[in-house]
Amino acid sequence: MKDMPEENLLGDYLRARRELVTPEDIGLPVHGMRRVPGLRREEVAMLAGISSDYYLRLEQGRDRNPSAQVLDALARVFRLDDTATGYLHQLAAPRPRTRRRPRRRTVPPATAQLLGAIGLPAFVTDRTLDVIAANALATALVPSARVGENRLRSFFLDPSEQALHTDWTHTAARCVAAFRRRLGSDVDDPRVVQLVGELSLASEEFRRVWARHDVRPPGNGTIGMNHPQVGRLNLTMSKLDVDGADGMTLALYHAAPGTEDAERLALLASLTTGPGRRPVGVPGVRETDGSARTS
C-alpha cells in the first residue's frame, strides 16, 4: 500500500496535492506540452518562496521539519481550505510514540439511550468506520448500516449500497475524506492497514479516491437515496463526536419538517419500528436474523 507507510506521510500529501493543481488554476502561463499532471516542483517552490531543492527534500522525506510559515505558503499554493491546512500541519508535526490502547467496542449508555429514543435513523461508528451500534430505522434506511459492517467497505464493495445512493461516487469520496481527516497521521493502526489494503486491492475507485489525499471534517451533508420502499429521499446526514468515547461518531439522517422527504422518512419509520424495538449493539441486546432482542 503506497499511501500507508508512516515514514513519508508529508511528502505523499504534498505530491498528491501538487498533482491536483493546474497552472491555469493559479494563473501561470502554459507553454508547450507538460509531462506531469498539475504543477511542477519548481513552480510550487517559486510560488511558495522556497528553493526547488528544499521543496524536493520535503516531497522525498529528506527534510521533515518545515516551519509553520513554509507550510502556510504551501497551503496557499495548493489552495487548501482550513481543514486541509490543519491536516498539513498535523502531518509535519512530530508524533510521539504512545502505546496503543485497545479499541472500545461499547457505546456509552447515554448514547445507547439516544439511539432508541431519537426517532431518526442513527448509528455509531468507531474511528475506522466499523458500525458498533444502530437503531432499527437506520438499518431500514441503509441495510448495511448494521453492527459488524464497515461503512467504507460497504460503500466500495457492496453493489446494493452503491445502488441506494443517487450520487454514490460523491458520497463515497466524502466518506473517504472524512476518514482520512479523522486518522490524521495515525495510520499505522493494524485495523487501518488491513482495511485500506483490502479496499485498495478490491476497488479501483477506492484507490483513485485514496490517492487524492482529500480531507474534510465530519459534519452535515446532503445524501440522495433511491429507497426501494419509500422512493426518492434527500436527507441531511449529521455527524457528532460521542462524548467519553475516543474516536466514536454518531451519524443521524434527518429531513426538514413539512417536506416530502420528511413524510417519506416518517412512512419508513411506520413500516419499520414497533413497540419494544431497541437499538442493536448496546449492552443487553444482540442481533439475530436482522432483528434485535434482549439477552
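So, two strands count as paired if DSSP finds at least two bridges between them, and helices (H or I, at least four residues) and strands (E, at least two) are DSSP runs, numbered from the N terminus. What we have here is a predicted model, where local features need pLDDT of at least 70, side-chain atom pairs count only at 80 or more, and totals for chains, interfaces and linings use all residues. Residues are numbered from 1 along each chain as its sequence is written, and side-chain values use heavy atoms, with hydrogens and water left out.

Okay, strand β5, residues 249-254. Its antiparallel partner β4 (residues 231-241) is joined to it by six bridges, and T249 in β5 is the bridge partner of D241. Strand β1 (residues 122-125) also runs antiparallel to β5, with four bridges; there, F123 partners A251. Five of the six β5 residues are buried, meaning under 20% relative accessible area with a 1.4 Å probe, protein chains only.

Now the rings. Phe, Tyr and Trp (its six-membered ring) pair if their centres lie within 6.5 Å; planes under 30 degrees apart are stacked, over 60 edge-to-face, the rest tilted. The whole structure gives six aromatic pairs. Y13 and Y87 are edge-to-face, 5.0 Å centre to centre with 75° between the planes. That one links helix α1 (residues 9-18) to helix α5 (residues 82-92), 74 residues apart. Y13 counts as buried at 1% relative accessibility, and Y87 does at 2%.

Key
Buried < 20%, exposed > 50% of the residue type's maximum accessible area, 1.4 Å probe, protein only.
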